[in-house]
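Please look over the sequence and the 3D structure shown here. A short briefing comes after them.

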Amino acid sequence: MKILVTGGAGFIGSTVVDVYLANGHEVVIVDDLSSGKKENIPPQAKFYKVDVTSPKLEEVFKKEKPQIVSHLAAQIDVRRSVEDPAFDVKINILGMINLLNQCVKYKVEKIIFSSTGGALYGEVEGDPADEDMPLVPISGYAIDKRAAEMYLSAYSANYGLKYTVLRYGNVYGPRQDPHGEAGVVAIFCGKILDNAAPFIYGDGEQLRDYVYVRDVAEANVIALTKGDNDVYNIGTAVGSSVNTLFNVLKDATNFKKDAIYKPARLGELQVSILSYEKARRDLGWKPEVDIKEGLKLTFDWFKSKR
Ligand SMILES: NC(=O)c1ccc[n+]([C@@H]2O[C@H](COP(=O)([O-])OP(=O)(O)OC[C@H]3O[C@@H](n4cnc5c(N)ncnc54)[C@H](O)[C@@H]3O)[C@@H](O)[C@H]2O)c1
């Protein structure tokens, strides 16, 4: 298949590109390199340095006529979306609408959208959140991801464009930078390599669902042919605390320093864990890499880059 990946120079997008290529697909990348890196782009992929909000996007569709679009380009900084919601709306909603209009005009079969479970469900009490949990978006980022999901179902109803929404947990792995939803992993790896004690905000017991980037990329492959017009959590159903992350990394690297504890950050969730039961049932997807193995792979990658 010919697949256009927006955000394909970014952390998750470039891993998705690698896995698409490994599965024999043809890949075209659209990325404005605002946070993505040229070095993440493999030579087998065609690259257009284009902003998804720009009218130039149409030229790419006209020339390349992709069958599938996997949309990962986004403003991903949750704090920035709180401080400057209008900017988030521009990239994450107007960018989506520009993309959807091209998909309809150039008869794209399906769009796969990278959404968030970590930011949409709010505080999770009891069982891991499933897709039917009430949504409690409290940042511009989460509101705009939800709005983008709703535009997908509207375009599907109005124009027959198929879609799959993948709501990720906190994605970590090689190529991640400190600004994403699982930025803490990159920060800890950097500090350990600098032999410096990292900061932990609050008591470090806040639980997140850390999902390895390769598993997320596999979900993007499965969604090429399954899960039409539906929404899936892509997480592990396991909550790991910030303290656990640090301790696992400490053990794996023989790091001797302790973390320095700082006051909790305002508005931070205590628990966010996702059920992947629906993805298992409908897509046959499950996470393959546990937190111990994933953290080791991630640390080794950061080390290799020094
Ligand atoms: N990292 C996580 O934990 C996580 C969790 C849930 C959802 N997501 C979603 O996954 C996707 C990828 O996130 P990531 O963590 O790889 O972040 P990233 O910043 O590494 O990737 C985003 C990519 O989009 C590009 N981009 C940004 N604005 C653009 C624009 N206007 N036009 C074209 N390209 C643009 C950036 O240059 C970058 O390459 C995003 O949609 C994000 O919201 C990430």
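Predicted model: local features only at pLDDT ≥ 70, side-chain atom pairs only at ≥ 80, totals over all residues.

Residue numbers start from 1 along each chain as its sequence is written. The chain has 10 helices and 14 strands; helices (H or I, at least four residues) and strands (E, at least two) are DSSP runs, numbered from the N terminus.

**Overall shape**

- The C-alpha trace of the chain spans about 55 × 40 × 40 Å along its principal axes.
- The chain has a radius of gyration of 19 Å, which agrees with a compact globule because one of 306 residues would have a value near 19 Å.
- That radius is taken over C-alpha atoms, and the globule rule is 2.2 Å times the number of residues to the power 0.38.

**Burial and contacts**

- Of the 306 residues in the chain, 47% are buried.
- A residue is buried if 20 or more other C-beta atoms lie within 10 Å of its own, exposed if 12 or fewer, and partly exposed in between, with C-beta atoms placed from the backbone.
- Among contacts in the chain with a separation of 6 or more, 79% join residues 24 or more positions apart.
- Two residues are in contact if their C-beta atoms, placed from the backbone, lie within 7 Å.

**Domains**

- Domain 1 covers 2–171 + 213–234, and domain 2 covers 172–208 + 238–273 + 288–305; such bounds come from an automatic or database domain assignment.
- The centres of the two domains, taken over C-alpha atoms, are 25 Å apart.
- Where they touch, 21 residues of domain 1 are in contact with 19 residues of domain 2.
- On the domain 1 side, helix H1 (11–22), strand E7 (170–172) and helix H7 (213–222) each supply at least two residues.
- That side of domain 1 has 10 nonpolar, seven polar and four charged residues.
- Ala, Val, Leu, Ile, Met, Phe, Trp, Tyr, Cys and Pro count as nonpolar, Asp, Glu, Lys and Arg as charged, and the others, Gly among them, as polar.

**Two residues with positive phi**

- Asn-195 is not a glycine, yet its phi is positive, near 55°.
- Asn-195 sits in the loop between helix H6 (183–193) and strand E8 (199–201), and counts as exposed because it has 9 C-beta neighbours inside 10 Å.
- Asn-254, also not a glycine, has a positive phi of about 60°.
- The loop between helix H8 (242–253) and strand E13 (260–262) holds Asn-254, which counts as exposed with 7 C-beta neighbours inside 10 Å.
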